[in-house]
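Hi everyone, thanks for coming. Let me put the structure up on the screen, and then we can walk through it together.

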Amino acid sequence: MPMLRPMLGVAALLAGFPVTTARAAEAWNIPNETATILKGRVVDALCHLKGRCTPDCGSGKRQLGLVLADGTFRLVAKSNVDFAGSVRDLIGYCGREIEADGLLIANPAVTVFFVQAVREGPSQPWIPAERFKSDWEARNGKAAEWWRADPEANRIIAEDGPYGIKGLRPK
């Protein structure tokens, strides 16, 4: 087993993934946060909660979550990229069991999980949950603040205003 970890790390590097073996979620100092590793099956949140299902967890266009072994559903709200969601990091695992390292925010109003890394099991290397940024940069080029340079966001703001609702403007 000691030789397996380096071999998996080399395989992940060759596949273009940064590799980490030890994980502990980085604190973001959000009230009620707890560094947590969740083990569960990746599911389409709308399908799981309301029975409105589409193939392949919505093909990357729906919010995803984890169903834990005890049946608890955890909404995975965010990845480790500023202002970005977790769908790009989780969609490849749709319907499969994974481990996700991140911050569980247990607020009385809503409990959500912010994923920082994923892997398929304890013998696998952690893969940082940063896929949104690399995919965005492949489509749009590098930007210091992707959210200000995003052509889709800028188009929506130009057409519908900063709230995405025509006529509604900041006071």
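Predicted model: local features only at pLDDT ≥ 70, side-chain atom pairs only at ≥ 80, totals over all residues.

Residues are numbered from 1 along each chain as its sequence is written, and side-chain values use heavy atoms, with hydrogens and water left out.

Back to Arg119, which is found in strand β5 (residues 111–119). Helices (H or I, at least four residues) and strands (E, at least two) are DSSP runs, numbered from the N terminus. Is Arg119 buried or exposed? Arg119 counts as buried because its relative accessibility is 10%; buried means under 20% relative accessible area, exposed over 50%, and partly exposed in between, with a 1.4 Å probe and protein chains only.

Arg119 also belongs to a network of salt bridges with Lys39 and Glu99. A salt bridge here is a side-chain nitrogen of Lys or Arg within 4 Å of a carboxyl oxygen of Asp or Glu. By this rule the count comes to eleven salt bridges.

Next, please find Asp135. Arg88 forms a salt bridge with Asp135, with the closest N and O atoms 3.3 Å apart. Arg88 is in helix α3 (residues 87–90) and Asp135 in helix α4 (residues 131–140), so this pair ties together parts that are 47 residues apart in sequence. Asp135 is buried, at 18% relative accessible area, whereas Arg88 is partly exposed at 33%. Asp135 also meets the side chain of Arg131 in a salt bridge (3.5 Å, N to O). Arg131 and Asp135 are four residues apart in helix α4, about one helical turn.

Which residues of α4 are buried? They are Phe132, Asp135, Trp136 and Glu137, and they pack against α3, α5 (146–149) and α6. Just after α4, Gly141 takes a positive phi of about 90 degrees.

Arg155 is partly exposed at 37% relative accessibility, and Glu159 is partly exposed at 45%.

Now for the inside. The largest nonpolar core has 18 residues, and Leu66, Ile98 and Val118 touch the most other members. Such a core is a set of buried Ala, Val, Leu, Ile, Met, Phe, Trp, Tyr and Cys residues joined through side-chain atoms within 4.5 Å. Among the elements giving two or more residues to this core are β1 (33–44), β2 (64–68) and β4 (97–106).

Finally, the surface. Tyr163, Ile165 and Leu168 form a nonpolar patch there, with about 300 Å² of accessible area together. Patches are made of residues with over 30% relative accessible area and no salt bridge; like charges are joined within 9 Å, and nonpolar side chains (Val, Leu, Ile, Met, Phe, Trp, Tyr) within 5 Å. Accessible areas come from the Shrake-Rupley method with a 1.4 Å probe, and for residues only the protein chains shown count as cover. Leu168 sits in the segment after α6 (151–160).

Terms used
Contact = heavy atoms within 4.5 Å.
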